[in-house]
Amino acid sequence: MRKSQRTPAGDALKNLMLDLFRLNSLLLTAGDRLVARLGLTSARWQILGAIVQAERPQPVAWLARDLGGNRQNVQRIVNDLHAEGLVAFEANPHHRRAQLVVLTDKGRRAFDAAMALQMPWVNSLSEGLAAKDLQTVHRIVAALRKKLESEAEAQT
């Protein structure tokens, strides 16, 4: 029996995926180091960013969906952020149990401080890379994410 082989695009995507796994790990480690003195981790910073990016306060389940994360993991981190006064919970007029997560002033200051640290780091990291190439990679990653999200929705 003959084994099926990857197409050239499939092989290239496999190599890209392996590099993206490595890159993700390195980015999380670098992010942890970058914001450690603020009492944050990459995961906490990411959730604060999702709250900031949302057009309105959202429940944990929606934040998890927007992040592509597991609701229970996001809930655990949101609870930690709440215990430290970085987020607060507000009543949700549409659902009694699913409270809305909002940034406190302390949370906004922590997020803004993290972004101030991120700016020179990301500028340095991007040195020697063409903005056009980065925009192309972004479009490809967004297209792959959209395909995977569509597949996941079709299976539910």
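The predicted model contains six helices and three strands. Read from the N terminus, the elements follow the order α-α-β-α-α-β-β-α-α. The C-alpha trace extends over about 60 × 40 × 25 Å along its principal axes. Of the 156 residues in the chain, 22% are buried.

In soluble globular proteins, nonpolar side chains tend to be buried together. In this chain, the largest nonpolar core comprises 22 residues, and the residues with the most contacts inside this core are Leu40, Ile47, Val74, Val78, Leu81, Val87 and Val101. At least two core residues come from each of α1 (8–35), α2 (42–53), α3 (60–67), α4 (71–83) and α5 (105–125). The largest contribution is that of α2, which provides five residues. Leu40, one of the residues with the most contacts inside the core, touches Asp32, Val35, Leu48, Leu86, Ala110 and Ala114 when residues up to four places away in sequence are not counted.

The packing of α2 against α4 was examined next. Two packed helices are described by the angle between their axes and the distance between the axes. For α2 and α4 the angle is about 90 degrees and the axes are 10 Å apart. This value falls within the range of 65 to 115 degrees, and the two helices are therefore roughly perpendicular to each other. On the α2 side the contact is formed by Ala43, Arg44, Ile47 and Leu48, and on the α4 side by Val74, Ile77, Val78, Asp80 and Leu81. Classified by residue type, the contact of α2 with α4 consists of seven nonpolar and two charged residues, with no polar residues. Ile47 of α2 and Val74, Val78 and Leu81 of α4 take part in this contact, and these residues are also listed among those with the most contacts inside the largest nonpolar core.

Arg44, located in helix α2, is one of the residues forming the contact with α4. Its relative accessible area is 14%, so Arg44 is buried, the limit being under 20%. The side chain of Arg44 makes a polar contact at 2.8 Å with the side chain of Glu84. With neighbours within four places in sequence set aside, Arg44 is in contact with Gly39, Ile77, Asp80, Leu81 and Glu84. Of these, Ile77, Asp80 and Leu81 belong to the α4 side of the helix contact.

Trp45 is likewise found in helix α2. With a relative accessibility of 13%, Trp45 is counted as buried. When residues up to four places away in sequence are not counted, Trp45 touches Gly31, Leu34, Val35, Phe111, Ala114, Met115 and Gln118. Val35 and Ala114 are also touched by Leu40.

Asn79 lies in helix α4. Its relative accessible area of 36% places Asn79 in the partly exposed class, because this value is between the limits of 20% and 50%. The C-alpha atom of Asn79 is separated by 18 Å from that of Ala54, the two residues being 25 residues apart along the chain.

Key. Residues numbered from 1 in each chain as written. Predicted model: local features only at pLDDT ≥ 70, side-chain atom pairs only at ≥ 80, totals over all residues. Heavy atoms only, no water. Core = buried A, V, L, I, M, F, W, Y, C linked by side-chain atoms within 4.5 Å. Buried < 20%, exposed > 50% of the residue type's maximum accessible area, 1.4 Å probe, protein only. Helix = DSSP H or I, 4+ residues; strand = E, 2+ residues; numbered from the N terminus. Contact = heavy atoms within 4.5 Å. Polar contact = N/O pair within 3.5 Å; in protein donor to acceptor, adjacent residues only side chain to side chain. Axes fitted to C-alpha atoms, helices over the stretch in contact; angles between N-to-C directions. Parallel < 35°, antiparallel > 145°, perpendicular 65-115°, else oblique. Nonpolar A, V, L, I, M, F, W, Y, C, P; charged D, E, K, R; others polar.
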